[in-house]
Amino acid sequence: MPDMSIPPVTPQDFGAEILRHLKHSLGKDESHAALYDWRMSLSLALRDRVVDPWFESTRKTYEARGKRVYYLSMEFLIGRLIEDVAINLGMEEVAQAALAELGQDYAKIVADEPDAALGNGGLGRLAACFMDSLSTLGIPAYGYGIRYEHGLFEQHFENGAQMETAETWLAQRHAWEFERPEVSYPIHFGGHVDEAEGSPVWHPEETVMASAYDTPVIGWQGRWANTLRLWSAKPITAFDLASFNRGDYMAASAPEALARTISRVLYPDDTTKTGKELRLKQEYFFTSASIQDLLRRFLSEGGDLAELADHVAIQLNDTHPAIAGPELVRLLMDEHGLDVARAISTARRCLAYTNHTLLPEALERWPEELFQSILPRHHRIIQLIEAAHLADSGSAVRIIEHGEVKMGELAFVMAHKVNGVSALHSDLVKETVFADLNRDYPGRIINQTNGITPRRWLYSCNPPLRALINETIGTAWPDDLQQLEGLSAHAGDAAFLDRFQAAKDANKARLADWLKARDGVVLDPAAMFDVQIKRIHEYKRQLMNLLETIALWNEIRENPNGDWTPRVKIFGGKAAPGYVVAKEIIHLINDTAKLINADPATRDLLQIVYPENYNVSMAEILIPAADLSEQISTAGKEASGTGNMKFALNGAPTIGTLDGANVEIRECVGAENFFLFGLTAAEVTARRAEPNYARRAVEASPRLARVLKQIESGVFSPSDKGRYSGLIQGLLDHDYFLVTCDFDSYFEAQRRVDTVFADQAAWTRMAALNTARVGWFSSDRTITGYARDIWTASSLIASRSS
Ligand code: 26Y
């Protein structure tokens, strides 16, 4: 039921609103308007319609005086917004019609919007899905992050190798945000602490201002809107006029340049703790601004700090904002006079921490010396936190140890709840990284399995399937996704399955058209589209996928008249710029594609496609078009995965290991609708202890041995035969991610895929049952879990209008 706050509008009236913006906001008349002008006018006209529900939500929140949720995240991987906002406002058709009447192409305008790519991958996209669900559920919430001037780098291939160039989404105005120059906070760095008089005083060496930019986040049917508040760094003194007048223009703008570097660029690495001073400054910058902002809001409403935790829930998206603990303690002690014990216990009741990785190389630790030089007061406070933790719990786990400040331990100790992001991952969090702390604080670690927003990841990205679902089970599913279960009853209905397949075929044709237009690549829409899209990581095992592709190529060549299922292997994803092995894997995929795609003997049966610059918008085209979802990480390494959920929801069965949320997806869709292979997490650990496990696996698999030999001998790199010898030797010497051990099992599972795919009715039924049975993976369900188990407040969801 549409909310009263969104008045219905005709295409004519909405067209007039667009024209008004064209004239008054863009200063253009129709005859001179460029695509950019139309896009900005459409965006501003849509934004206008978000403002009333946004004000209304803010008013209700203020009146309720209940609890607000603050989601602190270094990353928000948002993507485009025009379609998202139009759909949530129920205005998609009106917008299309309005632009058609103005002689403009809605789809072309939508495609002109740059992605807001303020994130690397899963963790950042999760934050964006959570913002969508918080608004849909009517939970008063703020997202807090950094307004990076440059989002995730753009990826180009030069002779198959990844090159990076700066992303420039803010080169054009960002239509959705409201600049708030009046909302700004000083952020201090460095200097020293004077403890002489008993009450410590921090004398910082450097100060920048954090300045707010607000983007409203509208929920389903415009019922509620929250705010995403991103901080931009500004100098305290913009400009040194004396230097300028002397003619020293560089010196004149030095303070500005220094401050601006803090919010200049997103760190493009999600694997290795780079230990860079600038990253620590970024983390403190946005965390301090956010904590100052929420405290100011609380106090301005007359709040009593003794009751802070009844009104404030702060969720830390991994350890990147873990400095929130000491920062809140600092403000409570140094500015509001609480004693240490009260300050710590107050902060802890507000704070909760989500862990997203077990990879030891991604756990943040800062050299103590560096940390102390940048945040001397916080260093001291962390010592106080550690002392209280050791004394109160009897724990032996230190926060500062071996000259390092361990952010995971800090986040854990300062949180009242710690959660993992899938059932398996949460168990492993308890058993591995935080085993000791789990014993010291029993019950603190809980699970909240990830989810995805069905508005973007089905309703918006898959119009043909959306229409079929609406006709089959009605239109109430986008905010009650378990209703998809109603599709199961139709899984034996041939007419329904035909239409389900027709929707998939339409999406495959759309992908083929898009790729043809973008890259000149021609796909066979009758072939199976087998898709692996995600960051390039050794643990995600794109290499294993490629080895299987080469093995298949060998076998097709040997038996060209065999009963092969034509496949297109689609890869997408970026490697961290400094991750050498990941970049070699990209290069090898492209080199292999070049050779295999040119082979006349296999050309109609096997093709490899790797479009440059995978991002959220590309995912929205690839996922609905996928037949098969590749989720093949080494068991125990992928905390959850969320792409896995998006594929299943869009009717692509999974080939996968028992890792992350795959385990729960398989339980939901049924083992018979999931292509399982590979070692379990426990078997992985056991296998690693066996001597020479990789070489033995290769010896036992002539198929694999042959492929490795081909790569090593330069079959795929004829101009540089030794190019991959290091990569292959590495696999034989220390195959930490067990590519060699899982290869045969994977190859065999792929042949099971071939067999089922050849029986189109059986395949479509399996695909439809995937869609029908994954409603539980809505991020609405996830957020409901956070609200119930972590943020616990009766007033939280009460504000939702019915
Ligand atoms: C500290 C720095 C090196 C760093 C930066 C980004 C470390 C980690 C990250 C990002 C991690 C990440 O994206 N993790 C993914 O989170 C998803 C959401 O929970 C999971 O689905 C996915 O399995 C996990 O890899």
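Which residue forms a salt bridge with Arg68? The partner is Glu301, and the closest N and O atoms of the two are 2.9 Å apart. This is a predicted model, and the distance is computed from it. The pair links distant parts of the chain. Arg68 sits in strand β1, residues 68-72. Glu301 sits in the loop between α10 (277-300) and α11 (308-311). The model's salt bridges come to 56 by count.

Now turn to the ligand. How many residues surround the ligand? The number is 19. The closest are Leu123, His356, Asn450, Glu638 and Gly641. By type, the shell holds five nonpolar, eight polar and six charged residues. Helix α6, residues 122-136, gives the most to this shell, with three residues.

Look next at the oxygen atoms of the ligand. One oxygen atom is 2.6 Å from an N or O atom in the side chain of His356. The backbone contributes too. A polar backbone atom of Gly641 is 2.8 Å from an oxygen atom of the ligand. For Ser640, a backbone N or O atom lies 3.0 Å from a ligand oxygen. How much of the ligand's accessible area does the protein cover? On its own the ligand has 570 Å² of accessible area, and the protein covers 95% of that.

Finish on the surface. Phe239, Leu241, Phe244 and Tyr249 form a nonpolar patch there. Together these four residues have about 410 Å² of accessible area. Leu241 belongs to helix α7, which spans residues 241-246.

Notes. Residues are numbered from 1 along each chain as its sequence is written. This is a predicted model: local features need pLDDT of at least 70, side-chain atom pairs count only at pLDDT 80 or more; totals for chains, interfaces and linings use all residues. Side-chain values use heavy atoms; hydrogens and water are left out. A residue is near a molecule or strand if one of its heavy atoms lies within 4 Å of it. A polar contact is a pair of N or O atoms within 3.5 Å; within protein, one must be able to donate a hydrogen and the other to accept it, and residues adjacent in sequence count only if both atoms are side-chain atoms. Accessible areas come from the Shrake-Rupley method with a 1.4 Å probe; for residues, only the protein chains shown count as cover. Helices (H or I, at least four residues) and strands (E, at least two) are DSSP runs, numbered from the N terminus. Ala, Val, Leu, Ile, Met, Phe, Trp, Tyr, Cys and Pro count as nonpolar, Asp, Glu, Lys and Arg as charged, and the others, Gly among them, as polar. Patches are made of residues with over 30% relative accessible area and no salt bridge: like charges are joined within 9 Å, nonpolar side chains (Val, Leu, Ile, Met, Phe, Trp, Tyr) within 5 Å. A salt bridge is a side-chain nitrogen of Lys or Arg within 4 Å of a carboxyl oxygen of Asp or Glu.
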